[in-house]
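Please read the points below with the sequence and the model open beside you. They are meant as a colleague's note, to be checked one at a time.

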Amino acid sequence: MRYERRAHVRSVAMTEHAVLIAGGGPTGLMLAGELALAGVDVAIVERRPDQDLPGSRAGGLQSRTIEVLDQRGIADRFLAEGQVAQVAGFAMIRLDIGDFPSRHPYGLGLWQKHIERILAGWVAELKVPIHYGTEVTGFAQDDAGVTVTLSDGQRFRAHYLVGCDGGRSLVRKEAGIEFPGWEPTTSALLAEVEMTEEPELGVRRTPSGTHALGKVEYEVKDGVVVYKPGGTVGVMLTESQVGTSEPTLRDLSEGLVAVYGTDYGIHNLTWITRFTDTTRQAASYRVGRVLLAGDAAHVHSPVGGQGLNTGVQDAVNLGWKLAQVVKGISPESLLDTYHDERHPVAARVLRNTMAQVALTRVDDRTEALRDSVSELLSMDEPRRRFGAMMSGLDIHYDLGAGHPLLGRRMPDLDVITTDGPLRLYTLLHDARPVLLNLGVPGGFDIRPWADRVQLVDARYDGTWELPALGVVAAPSAVVIRPDGYVAWVGNKSQPGLADALTAWFGPPIA
């Protein structure tokens, strides 16, 4: 198959990488880090001239994403700069997950520009090159790889190309991947601007929708957001009609006057954009040697703050699988599990964001429905179920019937090993799978996979509890994938371990 857009090509030497990532946002950076940890030669192509990101964009990390970063030993970098808070919610109805069985039963308030900066710093430590100021304009794939043409005329050769280039993904379009879904029903302006007058901070609901004003720089004291006088104000205005053109300062002024009766003397506009509730998902996350992740694979309303988090988790699911295929450890069929596992996760996000948009409409009937849903979510069982969904802690990959842990995130237990106590997630810092033996030490022989899988004998005497599900039976042994999900549960006498190790981590070495 061939997909290529014509571009001016200058006579230069072909640059080669095992994997080329189009897009240096959170998804692309996380994927690059995952591949670099596995020893894969990877590079990023990013259209921006540098990593600086105008505006605040997405505003935080959900609980499961913090766990994922903790699995790589870098969560503290984000926690040191953000504000820990209960951010999980459904249609702006707050869901407290503080009692969830997680080391991080909360979210993190941290603007996307800072999330990207911290991720870029980690990627730089891993020696991943980022080619700024250029973007993919076309590519052609064959049985051995992909030849990629860039906007500056350079040509790259890679075994695989991954499109992390956003909702308007050129990689997705050029690969011929369909992007079905729903057209927008609402739009909003998002901006950062200075104001002569002190604005009315907080959320306001009017017949046209939900609006919010807040200082970009803030701190949280005793769970309360505290703003300082002056400074840049973040504005979110729901528009009375779906907007399609490039937004301007005048649009923002007119919108503020319509909602607040004044524009507060806005000036020095530093950033403005318009977002909608357009909802679409790629029909396939892979065509041959071309794959999609993040917004290139799925777009939806930002309500609930799930977009960035879903993209980062796409990257962690794909990274170790792609690395094993590139290195010849596993067959290409392993990449099919990426679509099989992540497509349903994003499909669920699309559905719940559409439901949330419907609940945030401002009319008497919707308000009555919203009151009923709010009352329902105040009950313990619905709160737990929806809190687990919105935080990403209930993700379940269908790996067949078996123990409740199978296909779910492995809890970050404090276990006792022969070397002393350790926190389980520290075993995943290098993105290597683990066979955790909680039975008789020395009960497993996995020497044919010893170069790929860590065998750890340990003891854990506490309760096993999963978000939303509650307490589950203690397993004798589990196989934990590099992305932190359980691939096998059993004991020495049960069959299936060798099959699971082969399926996920390649055939045994004789």
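Predicted model: local features only at pLDDT ≥ 70, side-chain atom pairs only at ≥ 80, totals over all residues.

1. Helix H1 and helix H7 cross in a right-handed sense, where right-handed means that the near helix is turned clockwise from the far one by less than a right angle, and left-handed that it is turned anticlockwise. The axes of H1 (residues 26-37) and H7 (residues 307-326) come within 8 Å and cross at roughly 25 degrees. That makes H1 roughly parallel to H7, since angles under 35 degrees count as roughly parallel, over 145 as roughly antiparallel, 65 to 115 as roughly perpendicular and the rest as oblique. The axes are lines fitted to C-alpha atoms, for helices over the stretch in contact, with angles from 0 to 180 degrees between N-to-C directions.

2. Which residues of H1 meet H7? They are Pro 26, Thr 27, Met 30, Leu 31, Glu 34 and Leu 35, and their partners in H7 include Leu 308, Gly 311, Val 312 and Ala 315; contact here means heavy atoms within 4.5 Å.

3. Residues are numbered from 1 along each chain as its sequence is written, and side-chain values use heavy atoms, with hydrogens and water left out. Helices (H or I, at least four residues) and strands (E, at least two) are DSSP runs, numbered from the N terminus.

4. An open sheet holds six strands in the order S25-S24-S27-S26-S30-S31, with mixed pairing; two strands pair if DSSP finds at least two bridges between them. At its edges are strand S25 (420-423) and strand S31 (486-490), each of which pairs on one side only, and the twist averages 35 degrees from one strand to the next. Strand S30 (residues 477-480) runs antiparallel to S31 and is joined to it by four bridges, with Ile 480 opposite Val 486 in S31. Helix H11 (residues 497-505) lies across strand S26 (434-437), S30 and S31, and runs at about 175 degrees to S31.

5. Is Arg 280 buried or exposed? With a relative accessible area of 18%, Arg 280 is buried, a word that means under 20%, whereas exposed means over 50% and partly exposed lies in between (1.4 Å probe, protein chains only). The side chain of Arg 280 makes a polar contact with the side chain of Glu 183 (2.2 Å), and one of its polar atoms lies 3.1 Å from the backbone oxygen of Phe 179. A polar contact is a pair of N or O atoms within 3.5 Å; within protein, one must be able to donate a hydrogen and the other to accept it, and residues adjacent in sequence count only if both atoms are side-chain atoms.

6. Please also check Met 92, which has a positive phi of about 70 degrees although it is not a glycine. Met 92 sits in the loop between strand S5 (89-90) and strand S6 (93-94), and at 46% relative accessibility it counts as partly exposed.
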